[in-house]
Amino acid sequence: MSTLSSSEKIFDVLIIGAGPIGIACALECKKRGLEYVVVEKGTLTNSLYNYPLNMTFFSTSEKLELDDIPFISINPKPTRNEALEYYRRVATSNKLYINLYESILSVKKVENHFYITSNKNTYTSNNIIVSTGFYDIPKMLNVPGESLPKVMHYYKEAHPFVMQKVVIVGASNSSVDAALEIWRKGGDVTMVIRGSEIGDRVKYWVKPDIENRIKEGSIKAYFNSEIEKITEPEVFIKTPKGTEVLENNFVIALTGYKPDFNFLKSLGVKFSQDGNYFPIYNPETMETNVGGIYLAGVICGGLETHKWFIENSRIHSKIIAENISKKVNTLQN
Ligand SMILES: Cc1cc2nc3c(=O)[nH]c(=O)nc-3n(C[C@H](O)[C@H](O)[C@H](O)COP(=O)(O)OP(=O)(O)OC[C@H]3O[C@@H](n4cnc5c(N)ncnc54)[C@H](O)[C@@H]3O)c2cc1C
């Protein structure tokens, strides 16, 4: 992997975000001889790096591959560590130009050029690919006490919760994985679930496990329930039978994440008006309503963050690189 200084260069494309899909875009741009650079605000694949340490993907490894570069795993479904290893090797072996620990702050379009400012550099580019994902902004509970230090919106590992009373909010893969892991390491776990059952997208091999732990009472669960308020020693849960007050040490709210809509708005990207905030783009090119700005990866799903994942969005890279390549060739001929 190499870094690239901006100097006076005009890039064909600047890619914002070095998640799996930003890396896929870089590979496709490189293949077509486009002048590109990726700018990433954290480490390489920053979202994956921040996933729970013992997380297992729901996809098999070949579905997470980029550009048919083999992803070999010894497990039926790869782990976070294996994925980090894979994407790291793809980026370094292909000597992709990626500038890490650099945040894109603003973009200004003047005629056909974009002037892009980061916290370290300025760039000029004819096109931009936004592949910034959704993992940086949690969907908040918006209840009193949510800013207490005992409340968290990310889960890393079980050890800090040993012998503690932990409320986990949500019934998705992340919530279920955290509940099972913490309970198995000796935490006292209560789940607070808005719906009437465990989410139907929970990994098929994990779902019976959590359902059986709830049935036998090892993990407590309040269905059709929501957090009302959090205080230092307690948590208040609104249940169909009235408010329950539980003694509590930690609340882990794994209620999902959302893309940075303000950043997209600042670029001039428009959204659907149906409450889902689907960004507007042409699915045949992935170009947004702002000519020269493309979207790639899970950011395309707006608030419906389960719509796109690596498996089905890695194709965006090819579509976009082909489109930009055509534009560049037309200009040169
Ligand atoms: C717990 C979990 C498990 C998942 N399991 C699977 C699975 O099994 N299979 C599957 O296909 N998908 C899975 N997904 C979905 C998908 O893998 C991830 O969301 C994936 O990370 C999406 O890739 P991406 O490149 O679109 O976005 P991300 O990986 O989120 O990458 C976006 C990058 O942009 C950077 N960035 C953001 N803003 C800026 C800025 N202003 N300037 C510079 N950089 C910026 C971020 O730091 C980040 O590195 C899972 C998601 C989660 C949360």
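Predicted model: local features only at pLDDT ≥ 70, side-chain atom pairs only at ≥ 80, totals over all residues.
Local features here need pLDDT of at least 70 and side-chain atom pairs count only at pLDDT 80 or more, while totals for chains, interfaces and linings use all residues. Residues are numbered from 1 along each chain as its sequence is written, and side-chain values use heavy atoms, with hydrogens and water left out.

Serine 59 also brings a polar side-chain atom to 2.6 Å from a nitrogen atom of the ligand, and for tyrosine 51 a side-chain N or O atom is 3.4 Å from a ligand oxygen.

How many residues surround the ligand? There are 31, counting a residue if one of its heavy atoms lies within 4 Å, and Phe58 and Ile310 are among the closest. Helix 2 gives the most to this shell, with 3 residues, where helices are DSSP runs (H or I) of at least four residues, numbered from the N terminus.

Turning to another part of the structure, the crossing of helix 4 and helix 5 is left-handed, a word used if the near helix is turned anticlockwise from the far one by less than a right angle.

Key
Polar contact = N/O pair within 3.5 Å; in protein donor to acceptor, adjacent residues only side chain to side chain. Helix = DSSP H or I, 4+ residues; strand = E, 2+ residues; numbered from the N terminus.
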